[in-house]
Amino acid sequence: MIRENIEAVKQKMAGACDRSGRKMDEVTLITVSKTKPVEMLKEAYDAGPRDFGENKVQGLLDKIPVLPQDIRWHMIGHLQTNKVKYIVDKVYMIHSVDSLKLAKEISKEAVKKNVTVKILIEVNVAEEETKFGTTTEQVISLTEEIAALPGIQIEGLMTIAPFVEDPEENRVYFCKLKQLSVDIKAKNIDNVHMNVLSMGMTGDYEVAIEEGATYVRVGTGIFGERQYLK
Ligand SMILES: *Cc1c(COP(=O)(O)O)cnc(C)c1O
């Protein structure tokens, strides 16, 4: 079932690439495996994906040691400063950097461990009160401040769009994030690449690809609905 789901997602990704004149190798599928047991991740791994996303530090610490070493682990959830030290040298990328305080902590731990950490700045483009992320007004100044910190490489932007019935409703937000990344790129800030746009989830990844996503984060579409205890 997982293999079939991954194939179906890949086909839809290819369709969205076709419609928007993009190449499939410009877009990477991140398999969002939060709450899922290791056996299911192995099944997904065997079907091809090498990028996995978790939204909790504990999930990463539980899964990284017991799964193949060539997996690129993405931290996609809100990260508390006091937990940065546990994952800074274990993940491929942190998608959820939304404050200078968090970036400073990542920088401090990166320098201590002698690594460079790839990060994305999370932007709350839809301005939802329940979501983390910096604002569209603040993203440029935040990017400039973070770019000056050692041990951090800014690769691009990330957003979590609203939960909607019709994915077309989110097109405007994906378009906005793309425009923001173009604006930031034009500033040629040292130490800032704007090659990554992490946007689109199970409900809206096709629209996100049409608007320029380079990472789509898909959980439910691969593993089925998540079950949370309480
Ligand atoms: C859970 C999660 C996803 C995946 O959501 P689905 O709707 O299950 O595809 C993507 N991004 C983030 C940040 C998440 O927390």
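Reply: Leaving aside residues up to four places away in sequence, V38 touches K63, V66 and L67 (contact means heavy atoms within 4.5 Å). This is a predicted model, where local features need pLDDT of at least 70 and side-chain atom pairs need 80 or more, while totals for chains, interfaces and linings use all residues. Numbering runs from 1 along each chain as its sequence is written, and side-chain values use heavy atoms, without hydrogens or water.

V38 sits in helix α2, residues 38–46 (a DSSP run of H or I, at least four residues). Its relative accessibility is 19%, so V38 counts as buried (under 20% relative accessible area, 1.4 Å probe, protein chains only). D62 is 24 residues from V38 along the chain, yet their C-alpha atoms are 9.0 Å apart.

Over in helix α6 (139–147), the buried residues are V139, L142, T143, I146 and A147. They line one face of the helix, because they fall within an arc of 130° seen down the axis of α6 (taken from the directions from axis to C-beta atoms). Their cover includes β4, α5, β5, β6, α7 and β7.

As for the ligand, its surroundings include V32, I76, I160 and M201 (a heavy atom within 4 Å). A side-chain N or O atom of K34 is 2.6 Å from a ligand oxygen, and a polar side-chain atom of T202 is 2.4 Å from a ligand oxygen. R217 has a side-chain N or O atom 2.8 Å from a ligand nitrogen. On its own the ligand has 390 Å² of accessible area, and the protein covers 90% of that (Shrake-Rupley, 1.4 Å probe).

Methods: Helices (H or I, at least four residues) and strands (E, at least two) are DSSP runs, numbered from the N terminus. Buried means under 20% relative accessible area, exposed over 50%, partly exposed in between (1.4 Å probe, protein chains only). A polar contact is a pair of N or O atoms within 3.5 Å; within protein, one must be able to donate a hydrogen and the other to accept it, and residues adjacent in sequence count only if both atoms are side-chain atoms.
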